[in-house]
Amino acid sequence: MEHSVAIADQAEKVIARCKRLASITEVPGSTCRTFLSMAMRDCYQEVGEWMEAAGAEVSIDAAGNLRGFYPAAQTVAPRLVLGSHLDTVPDAGAYDGILGVVLAVSLLETLEDRKLPFAIEVIGFSEEEGVRFGMPFIGSRALAGKLDDESLNCKDTNGVTVRSAIENFGLQPAEISKAGMRTDSLAYLEFHIEQGPVLESLGIPLGVVEGIAGQTRGEFIFVGRANHAGTTPMNLRHDAMSAAAEWIIEVERVAKREKGLVATVGRIAVTPNAANVIAGQVRVSLDVRHKSDHVRTCAADFLAIQAQEIVHRRGLKVEHKVLLNQPAVSMDPFLMEQIEQAAAKAGCRTHRMVSGAGHDAMILAEKVPTAMIFLRTPGGISHHPSESVSVEDVAKAIECGMCLLTQLATSVEFQKRMYRA
Ligand code: GLV
Ligand code: MN
Ligand code: MN
């Protein structure tokens, strides 16, 4: 496929657009966009315009995902889904998730209205990070048909449920089933920054993801008794802060004992949160990951038992909610090979790797053949404002993406899948 739009110009444009979206934020001075916030609406407006200008029909589904449909050469045709997420962590960089959406739009632009035997749907997922509700993948779980009532009733720190957040955005939770992945979807493909140091250390611009580590997310609420910090002797306290602190250290100790296991308490909320009051309640998050589901679930179960042991000994109580128990997934071998061939045509070496970070791809892999392409991340820095990516690597990714589209459009094996669809 010839592409007359200069790839280097496209790469510059992709980076400029990611930077532009980083300025659309709910926290002035830093980048933060959570599920269906006002900032998300503004972000959708901008990305929707880019999608439309590239020839896509734009809509927002009932789970708040932004969707752009670029038609195929013929009216009835299956679709290839490209995407990533448009929400961010607090104080985020400009590229985690966003790059995958903007780069997919750039592929549509590079097609310059040429049509393929399959349609292309670009999806900007509404929620991947789990920041607002402690529960990630709201957008992609809707596509996988896994956004159940329990998830919709989950509350943010202001007591707003996922369901209400959807309604407040002007969408209908009752229509979430219509957001489901269509049966004529051939595959899901996601471009994403690596968010780690491996590709940089190897001097390789693009990575081919073989699998994504599973993750457990949960919340623990340590319930003690608030009391006066000056008058309550140490042996008569039920201090939720000390109990939580002991458990947090246990989380670190357990993770360090097992190779490849990572466990994080990244969020803490203390009640009443005053210097001269013993903490009555402490809510903490837990995030546990490993490429083996057995290792991960055993660690998560053990940490729940340890929390019970700690509160029992200290005369407190603990409540525990599992917010996500997502198994590890493998990527599609056929698509991985196709990506490697496409990258080679783009003059680019690749490296196969497992992703420790979670991605929408791990949810969609349960529904359709799925693959991910990683871009080298300078310094391995991510979830941080200094996150970056080079123009050259973005250009390689676009070129690889265009070669991949050409290959898939002419691949006999992919055509067979299309026939089945
Ligand atoms: C997503 O960024 C994750 O937490 O892995
Ligand atoms: Mn991401
Ligand atoms: Mn992230």
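Select the shell around ligand 1: its residues divide into one nonpolar, two polar and four charged (Ala, Val, Leu, Ile, Met, Phe, Trp, Tyr, Cys and Pro count as nonpolar, Asp, Glu, Lys and Arg as charged, and the others, Gly among them, as polar). The model is predicted, so local features need pLDDT of at least 70 and side-chain atom pairs pLDDT 80 or more, whereas totals for chains, interfaces and linings use all residues. Residues are numbered from 1 along each chain as its sequence is written, chains are lettered from A and ligands numbered from 1 in the order in which they are written, and side-chain values use heavy atoms, without hydrogens and water.

Next, display the individual residues of this shell. Glu128, Glu129, Arg217, Arg289, Ala357, Gly358 and His383 surround ligand 1, each with a heavy atom within 4 Å of it. A polar backbone atom of Gly358 lies 2.6 Å from an oxygen atom of the ligand, and a polar side-chain atom of Glu129 lies 3.0 Å from an oxygen atom of ligand 1; a polar contact is a pair of N or O atoms within 3.5 Å.

Now select the manganese ion (ligand 3). Asp96 (OD), Glu129 (OE), Glu129 (OE) and His383 (NE2) coordinate this ion at 2.0 to 2.6 Å; donors are N, O and S atoms within 2.8 Å of the metal (3.2 Å for Na, K and Ca). Asp96 also bridges to the manganese ion (ligand 2), and the two ions lie 3.6 Å apart. Asp96 and Glu129 are both buried, that is, under 20% relative accessible area with a 1.4 Å probe, counting protein chains only.

Note on methods
Polar contact = N/O pair within 3.5 Å; in protein donor to acceptor, adjacent residues only side chain to side chain. Buried < 20%, exposed > 50% of the residue type's maximum accessible area, 1.4 Å probe, protein only.
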